[in-house]
Amino acid sequence: MAEERHELRQRRLTLPASAEAIAELEPGNVVYLDGVVYTAREGVYQKVVVEREALPVADLASVSNANFHCSPAAAPDGKGGYNVGGVTATASFRFSKYLADWLDLTGTKIVIGKGGMGAGDYKEVLAPRGAIYLTTVGYGTGALLGRGVKAVESVHWLEELGIAQAMWLFRVKNFGPFLVDSDTAGNSLFQRQGELVNAGIEALYAGLKPPALRRYGETDDRRDELL
Amino acid sequence: MIAHEQVETAAYEIMKKAAIDIPEDYLGGVKGMIDLETGDLSSFVLKSMVDNWEAATEDRRPMCADTGLPRYYVKVGNEARVAGGFCGVEEALRSATARATQDVPLRPNRVHPLWRTEHNNNVGINAPEIEWSFEPDADWIDVTTVHKGGLFGTDYRMLFPGDGIDGIKRVFLDTLIAFGKRGLACQPAIVGVGVGGSKDICMTLGKQAACLRVVGDANPDPKIAALEQELKELGNRIGMGAMGFVGSSMVVDCHVEVGYTHTGGMPVSVHTFCLSSRRATARLHADGRTSYRTDPKWFTPYMRRETIGWPRSDTSSASAG
Ligand code: SF4
């Protein structure tokens, strides 16, 4: 080891999680979950938030208040159940536009996914609703997370939405690791770390000559000449 | 004569192996990075990944639930003969893909790009991709599968001769920074850089450099090998580690492949092979045996030949593989 590194603080949380337990989490804590998590992504959001269909689980928040942005590698086991192999989150920023309504409709307090969401989403959408964001680690820890899934409690809209988009309810044990990105004050670990990294970026380009041809994307003005 | 069933069975096996067992070279590379990483968060991520690969191998479950886009690279010995011909090989690879998707299980990722329809088996129009290459003085067929993930982490740009090595460094940095933030590329990655060729082949070369060369391998041209080293160090100096946290673990290794290109241009592509660097190779021998390995040995001297003919000495150093 090059030098001593700090151990990250570990927490274990039972779902549905209480407001007090959630308030204790700090950005950078390592979290493991017990209880039930459910998956929902654009297919489910479209149905419930946009088309206003009823939730397939009555009083969802009393069963689970943790929404996992995930598409499991699952296949029917031939006995009426499912084999869940690996479990990996999908990038969350794409679901930003549904989130406020979704949290209001379901009482969800923990959003789990890949890569976090914009700092504005935390300040304006999650934090005011007492909700936090957990990110998966890696992000390819599919096998570890798959191990934490003990059973498929139920699956909804499977026919209609397919395996990837269906709403799965998983019973989980020691499910993790996750890292706390945003806390109940809306602070973001990714944002803090990103700022530290950004401070060094300009120096990397020092001395490299500019490209012969510019391109759209570097300037947003489509009237610009690219030369 | 290689039997049709032998192809199907071998392809099914490598689909499983690729999904479950992390290649030794990549594992060794990441373990080496943990020792150097001083960022708390980044090193925690790397250690978790090692735990994850161990869990995958112990439980025989996929290391990552995102199957990526499973595909094949087939290298055919010039003397190889296969029952059912090469269309038969393609059929076997499609069938193995569908079977492995059900059995491993692999997440069915492939959908129609416009209608989003899927067959739940990772097979469809132009899927899985199958790329072919040839090898002189050999009677075997090598089948490699790669499950490359990542919607993120690839870019292409037409540069010009005057842009030089500086230009390549810019594209390299731009790509790693853009997709390294928040770890969207699931770094540390094996980074492949394609330089030259026609535009599509520039992309192909970079992709193959990332996915088909192992950690520790160097380009046989010493000047290109030096560039690979320089780019690797540059990437690890960005200050970004796993998940985009402060750290130094960005590039496990960098591989550059070149192709002769238009006299006025220098196209460059950058590709990142993620934390689930899934690849596995089967060699189908003419006598009916099949042997398995994780090094595809794709870029042979024959592949990189520069003139009309090719170096006639034993180009298939792995012929006994
Ligand atoms: S980029 Fe690789 S490790 Fe990350 S989610 Fe995709 S397949 Fe998994």
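## Between the two domains of chain B

Across the interface of domain 1 and domain 2 of chain B there is 1 salt bridge, a term used here for a side-chain nitrogen of Lys or Arg within 4 Å of a carboxyl oxygen of Asp or Glu. The side chains of Arg304(B) and Glu257(B) meet in a salt bridge, with 2.7 Å from N to O. This is a predicted model, in which local features need pLDDT of at least 70 and side-chain atom pairs count only at pLDDT 80 or more, while totals for chains, interfaces and linings use all residues. Residues are numbered from 1 along each chain as its sequence is written, chains are lettered from A and ligands numbered from 1 in the order in which they are written, and side-chain values use heavy atoms, leaving out hydrogens and water.

Domain 1 of chain B covers 4–17 + 63–148 + 279–318, and domain 2 covers 31–59 + 150–273; such bounds come from an automatic or database domain assignment. Taken over C-alpha atoms, the centres of the two domains of chain B are 24 Å apart. In contact (heavy atoms within 4.5 Å) are 18 residues of domain 1 of chain B and 22 residues of domain 2 of chain B. Together these domains bury about 1,600 Å², with 57% from carbon and sulfur atoms; buried area is the accessible area (1.4 Å probe) that two parts lose on being put together, summed over both. Lys148(B), Arg279(B) and Phe299(B) supply 42% of the area that domain 1 of chain B buries against domain 2 of chain B, more than any other three residues.

## A pocket between the domains

Let's turn to open space. The second largest pocket lies between domain 1 and domain 2 of chain B, because both give residues to its lining. Its volume is about 860 Å³. On a 1 Å grid over the protein atoms alone, a pocket is an open set of points with protein on both sides within 12 Å along at least five of seven lines, whereas a cavity is a set where a 1.4 Å probe fits but cannot get out; lining residues have an atom within 4 Å of a point. Grid points are joined across faces, edges and corners, and a volume is the space filled by probe spheres set on the points.

Of the 33 lining residues of this pocket, Leu205(B), Val258(B), Gly259(B), Tyr260(B) and Arg304(B) are the closest to its centre. Arg304(B) is also the partner of Glu257(B) in the salt bridge above.

## Where the chains meet

Arg147(A) and Asp59(B) join their side chains in a salt bridge at 2.8 Å, N to O.

## Enclosed spaces

The structure holds 2 cavities of 30 Å³ or more. The largest cavity has a volume of about 40 Å³, and its lining includes Gly153(B), Phe179(B) and Met250(B). The second largest cavity holds about 30 Å³, and Arg215(A) lines it together with chain B residues, among them Asp155(B), Arg157(B) and Asp174(B).
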